[in-house]
Amino acid sequence: MKRVALGLLALAGIAALTVAPRAQTAEKGMVIAYKDDIATLDPQVGYDWQNWPAIKMVFDALLDYKPGTTDLEPRIAAAMPTVGDGGRSYTFKLRSDIKFSNGRTLTAADVKYTLERVLDPKAKSPGAGFFADIAGSSAWSAGKAKELTGVKVINSSTVKVTLSQPNAAFLNVLATNFAFIVPKEEVVKAGADWGRKPVGSGPFTLQSWTSGQELVFVKNPNYFLKNVPKLDQVTIKVGQDPSVAYLGLQRGDVDLLGDGIPPANFLQVQSDAKLKAQIVSTPLVNTTYVSINTQVKPFTDVRVRQALNFAINKSKILKIINGRGLVATQILPPKMPGYDSSYQGYGYDVEQAKKLLSAAGLSKGFTTTLYTNSTDPNPRIAQSIQQDLAVVGIKIELKSQASSTVIDAAGTPKTAPLVWSGGMAWTQDYPDPSDFYWPILSCRSAVQGGWNWSFACDKNLDALASKADQMTAPAQRPARLELYKKLYKTLMDQAVWVPLFNEVRYTMHSARLIGAPTDLIDPIHNIAFERLSIK
Amino acid sequence: MRFLLGRVVQGALVLLAVSFLTFGLGVLLPADPARMVAGPSASVATVNSIRRELGLDKPFFEQYTLYLTKLLRGDLGRSYKQSASIAELLISRLPATLLLMLGGVLCELMLGLPAGVIAALRPGSLWDRATMGLAFLGISLPQFVLGLGLLYVFAFIYPILPLGGYGTAAHLILPALTLGIGGAGWYARVVRSEMLEVLGQDYVRTAAAKGVSRGGLIVRHALKNALLPMIAMVGSDIGVFMGGAVVVESVFGWPGIGKLTWDAIRVVDIPVILGVVQLSAVMIVLGNLLADLAYPLADPRVRYD
């Protein structure tokens with residue numbers, strides 16, 4: 001017994017001697033904590049809210065957004081491109097003072113290589129589809145061409161991109177991380193490990209990556225923009241449970257909660273004067289919705305779909321998520337160009353819902369199925385919808401499953417009558433209204449494995465969107481947005497969705513971390529590390 | 001020797017069956033890995049192209065044969081989601097898991113054995129009831145409650161230990177304790193009942209009558225016999241901890257295999273899942289083999305011919 005006790009004592013001694021040092025940060029460094037590991041830093045591959053801001057530290061695009069706006073400005077490009085050929089071609093002049101962190105100057109050939117890489121099936125880029133309008137893309141992707149003919153290197157600092165058809169959102173596409181410029185020699189050298197050994201021209205460089213623990217980024221001393229970045233170092237700690245990260249923030253180990261405030265602590269934080277000062281919130285450019293499968297009876301009848309829109313109490317659902325959202329009246333979220341602030345939507349009106357159902361011959365009600373992702377709070381939100389619909393006589397059977405299973409059922413024709421999008425809500429890829437149409441509401445997305453879970457396909461709307469997307473001149477923009485307003489109004493009349501709410505993201509930062517709310521929660525880049533600083 | 005050979009062949013067959021079953025289950029999953037890799041923004045054409053690149057459009061047996069040939073050559077493939085090879089991921093995570101396992105087993109033994117012995121010495125006493133009550137609590141406390149509770153007290157209110165993470169001995173204490181306390185409870189109860197049984201046996205009474213001291217009785221006769229079932233328990237715990245440390249690893253941010261598995265399951269990263277299952281199967285087979293080998297050493301009555 002004595003020996004055991006002695007052993008324990010010795011262990012305690014070791015522990016006392018090795019009590020962990022506080023998170024080691026450089027003088028002007030910050031620590032952000034996430035639950036999940038960063039999957040990849042390959043800009044052509046990584047694409048989720050956690051990868052993107054990390055990738056953005058290491059790489060740059062030709063264009064970027066003016067902070068806090070949806071307006072594009074030049075970044076690697078020296079100026080906005082000259083548009084020619086009726087909106088079919090863009091000629092970019094590059095800055096001459098940009099170097100990759102391996103010391104080589106970035107040239108027009110790198111732009112060409114990058115765009116070829118996105119469209120190369122071997123790179124397995126999830127964003128390849130966005131670049132399909134570049135002339136010659138299908139021949140290149142199919143391996144039938146030696147080069148991507150739509151991208152021409154004019155000289156070392158000039159590159160011309162030609163499209164097969166005008167696309168008003170193409171410059172937005174060039175500002176996504178899929179088009180972040182990569183140096184060929186480093187991609188080739190790193191091979192399959194490129195996603196872990198990124199070399200770019202961005203404001204930071206990756207110093208170290210310890211799998212399952214942390215990634216350390218340090219300032220790029222030769223960065224071409226003055227006063228960017230302000231931090232010397234950014235440490236991304238991964239594998240941190242949100243509750244533990246929250247304690248770490250209060251203890252001074254963590255500066256920013258990557259996964260936000262844990263739901264269990266949300267009310268406590270709100271009521272604590274000191275902690276409340278460290279909260280920031282920004283509405284995300286996304287819409288959560290219930291998709292209504294227009295191929296499944298009785299939802300083939302527009303009156304039934306409209307009845308659903310009247311019958312669901314959206315304010316009640318906001319209470320379930322502690323008010324972290326805004327009631328959605330329409331498909332586009334408020335910060336998206338083309339959002340119609342004068343449009344009021346359906347509103348909560350049980351009587352109207354009942355009237356529409358009896359007009360459709362369903363006054364006795366019917367039974368149908370609602371699919372939901374099984375992670376909290378989504379089943380609770382689905383139950384709230386279930387209760388609301390019971391009031392008008394619609395009996396709902398809930399199918400609560402892993403998100404991958406829900407996505408599979410939802411993307412299969414004539415399978416899932418109703419799907420609650422919670423956890424899989426549509427969030428902008430870039431701030432252009434076409435991004436809420438082509439991927440999720442157009443005919444081309446109403447296919448097996450697509451994201452058009454309503455299987456809505458209206459050829460007239462496709463034509464309208466195509467027409468709008470050909471209006472590429474800046475002067476045409478207001479008229480273009482009007483066309484999109486009309487398009488989304490029509491979709492709301494057809495009631496293919498019940499838009500529920502637009503998420504408002506809340507997070508907490510340490511008292512020493514300084515940044516505008518739209519930098520700490522940037523609606524476009526998620527976090528603008530390059531603009532944050534330390535007291 | 002013959003026995004050992006038989007066990008090794010049996011183990012190899014088990015591993016083959018495991019590879020087939022897990023691979024089959026991965027294919028049967030009602031989720032499309034290609035779409036999970038591609039994410040929501042990808043067009044259908046892009047998803048199809050990714051499916052082709054991953055080789056997921058090939059027939060099942062062709063996929064399995066390819067997987068198995070690579071596996072036999074030691075190539076576990078690459079993660080769909082993370083840009084790293086499975087071998088690299090497992091190797092980088094294995095030390096942390098092994099360390100946690102060791103810490104957990106040590107905690108089980110260091111807390112469970114003395115508690116069981118103390119309880120068995122005076123059955124029915126306050127000591128006995130208190131220890132067994134605690135053991136019961138230890139078994140039934142969910143690990144995430146215990147883990148967060150320990151963190152809250154020892155890393156936040158009294159910040160003497162680190163708030164999760166990995167690196168020094170201090171980092172190991174709370175996770176090992178969280179992992180080991182449940183098992184310690186089991187061990188305490190098993191040791192107690194084994195001890196009581198042995199202490200009531202005739203040969204122990206004979207030994208006592210011959211004048212063996214009480215200490216000698218307990219250590220040399222009772223405890224030695226009570227330890228036998230422990231060997232099997234530790235052996236199987238190795239398997240359990242391999243897959244069961246998920247909660248502890250998540251709460252403490254411990255960069256082990258459990259966390260890797262959990263993340264892989266959520267995004268249907270099948271190669272990672274397969275790799276982890278294969279590794280766990282190997283560990284379990286090895287754990288059982290070691291326990292089989294340790295038995296005759298501890299108990300001369302057990303002998304393999």
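**Exercise 1. Give the strand order of the open sheet of 5 strands in chain A, then explain why β8 and β11 stand at its edges.**

Solution. The order is β8-β9-β10-β1-β11 (chain A), and the pairing is mixed. β8 (204-210) and β11 (256-257) of chain A each have a single partner strand, so one side of each lacks a neighbour in the sheet. Strands are DSSP runs (E, at least two residues; helices are H or I, at least four), numbered from the N terminus. Two strands pair if DSSP finds at least two bridges between them.

Next, the pairing of β8(A). β8(A) runs antiparallel to β9 (residues 214-219) of chain A, joined by 6 bridges. A:Ser208 sits opposite A:Val216 in β9(A).

The model is predicted: local features need pLDDT of at least 70, side-chain atom pairs count only at pLDDT 80 or more, and totals for chains, interfaces and linings use all residues. Residues are numbered from 1 along each chain as its sequence is written, chains are lettered from A and ligands numbered from 1 in the order written, and side-chain values use heavy atoms, without hydrogens and water.
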